[in-house]
Amino acid sequence: MAEQQKAAQPAAKTESHDPAFPEAFLQFMRQGWREDPLAVSPLPEVPNYAKRRNALSEAFPGETLIIPSGNEKVRANDTDYPFRPGSDFFYLTGDRDPDSVLVLRPSGSGHDAVVYTHQRNSKDTDAFFRSRNGELWVGRTHTLAEKSTELGVETASLGELGAALAGSAPGRTRVLRGLDAAVDRAVLAYEPDRANPRDRELAWVISELKLVKDEWEIAQLQAAIDATVRGFEDVARVLPADRSVKERLLEGVFGLRARHDGNDVGYSSIVGAGPHATILHWVRNTGVTTPGELLLMDMGVEGHNFYTADVTRTVPVSGRFTPLQRQVYDIVHASQQAGMDAIRPGVEFKQVHRTCMRVLAEGLHDLGLLPVSVDEAMSDDSTVYRRWTLHGFGHMLGIDVHDCSNARNETYRDGALAEGYVLTVEPGLYFQPEDDLVPAELRGMGVRIEDDVLVTADGCKNLSAGLPRSSSEVEQWMASQREAGPRLPE
């Protein structure tokens, strides 16, 4: 178990080019420092985290549950990617630090919760100025007591995690796998099958708890979506109607808004000009806009508490749709509106999909592209319409852009919607540049419209209604944004 404890407590990071400090310097650095306590208080959302842990506790009475935060990831050599905690861990704790682990241990009729986390690299040791995760490098960090106060949960030193894992009862322990290799190894003896259904059940239960958003979560999503609306406005204000600009300029403008108003972008921004709009995950963004063509932008701000927006708009670079562009755009808009009109509690997820796809198939028929009737194209043994639609109507949204991804099919894809679900509605039509089954004037045209909606008691609410959707509204919006001109975030 000594090895497990060592593995669970990452060593202090140092630079390979650090000098061999003389003892006189070390002695000088160890003195004359004042300790200023942090003014901490419980976060307003602490009751939400406790309620979620209680719900998880009720699902697994008498069992030990282990949910890691995850580790920092190396970007190159000795530089790391910015750390983002595992979504499920944050959902249950609110803790943002790497290497932390939540352990729910059975106690009476419920569980005791402890977050094992790094001890503060304070000025009591040389680590505060000698290691890359010392406070002279990264700033003041929380003591265990300060973190406990802020998060409303007991904390313990990460060095104690090994003993805690060793004390987990075989056959009565579940681990959220794939986030922390040291934790996975430490409990491997109890769960020799890495795909153990017991661990999978823990993952899907947490995902299904996340399906219904509470009021705080909805407010977090709305704030991220509102920032995303401002980001799209920023981009429209710098998009010239009469000359080309790089896709990466527009990506950067939106990224500025995301970093200023939130944590970052929620996913790699897709800025697809012209034919790039037909590539579903075009994230290289190495192209340029062209007046007369369309520009598809799929972008979302991730808020300060990691809840993310996911919005797509397709706009005419010149400011006006051509007749054919408008026809294709209006088909997609009609599909999206039909999907939104179908959403209400009790409606099957698949039914919303079929509703959106039916409108797209009818539009493809009107364009003269379907080789069969609409009914035959929509049949399960055909679906030829998908050559030009490519993807489903949407997905759950929340603390992940593809939220609740471990939920069971019978609850999610094959299940019914419920009040409090938040999901995207994002139909699209994509005509590849090399597709010889469509007229030349359609080739290289891609249109997607995506909004984030909340399922309400009697329908749905479009949380991203701050952006226009119809073709005429998009044209008016483009003109008004360009007239307003560029702005700096306030």
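Visitor: How much space lies in the second largest pocket?

Guide: In this predicted model, the second largest pocket holds about 740 Å³ of space. Its lining has 33 residues, and the closest to the pocket centre are Arg-84, Val-265, Gly-266, Tyr-267 and Glu-302.

Visitor: Which elements each supply at least two residues of that lining?

Guide: Helix α4 (87–93), helix α12 (247–261) and strand β8 (264–265) each do. The largest share comes from α12, with 4 residues. By residue class, the lining of this pocket divides into 10 nonpolar, 12 polar and 11 charged.

Visitor: Let's turn to strands. How do strands of a sheet pair?

Guide: Strands pair through backbone hydrogen bonds, and the pairing is either parallel or antiparallel. Here, β9, β10 and β12 form an open sheet of 3 strands in the order β9-β10-β12, with antiparallel pairing.

Visitor: Which are the edge strands?

Guide: They are β9 (270–273) and β12 (311–316), each of which pairs on one side only. From one strand to the next, the twist averages 10°.

Visitor: What lies across β9 and β10?

Guide: Helix α12 does, running at about 150° to β9.

Visitor: How many bridges join β4 to β5?

Guide: There are 7, and the two strands, β4 and β5 (residues 110–117), run antiparallel. Ser-107 stands opposite Gly-110 in β5. The hairpin has 2 residues between its strands, and Gly-108 takes a positive phi near 60° there. β4 (residues 101–107) is also joined by 4 bridges to β1 (residues 64–68), again running antiparallel; Ile-66 has Val-103 of β4 as its bridge partner.

Visitor: And helices: what describes two packed helices?

Guide: Two numbers do: the angle between the axes and the distance between the axes. For α13 (residues 323–342) and α17 (residues 471–484), the angle is about 115° and the axes are 9 Å apart. These helices are therefore roughly perpendicular to each other.

Visitor: Which residues make the contact?

Guide: From α13 come Arg-326, Tyr-329 and Asp-330, while α17 brings Ser-471, Ser-472, Val-474 and Glu-475. Sorted by class, the residues of this contact are 2 nonpolar, 2 polar and 3 charged.

Technical notes:
Residues are numbered from 1 along each chain as its sequence is written. This is a predicted model: local features need pLDDT of at least 70, side-chain atom pairs count only at pLDDT 80 or more; totals for chains, interfaces and linings use all residues. Side-chain values use heavy atoms; hydrogens and water are left out. Axes are lines fitted to C-alpha atoms, for helices over the stretch in contact, and angles run from 0 to 180 degrees between N-to-C directions. Angles under 35 degrees count as roughly parallel, over 145 as roughly antiparallel, 65 to 115 as roughly perpendicular and the rest as oblique. Contact means heavy atoms within 4.5 Å. Ala, Val, Leu, Ile, Met, Phe, Trp, Tyr, Cys and Pro count as nonpolar, Asp, Glu, Lys and Arg as charged, and the others, Gly among them, as polar. On a 1 Å grid over the protein atoms alone, a cavity is a set of points where a 1.4 Å probe fits but cannot get out, and a pocket is an open set with protein on both sides within 12 Å along at least five of seven lines; lining residues have an atom within 4 Å of a point. Grid points are joined across faces, edges and corners, and a volume is the space filled by probe spheres set on the points. Two strands pair if DSSP finds at least two bridges between them.
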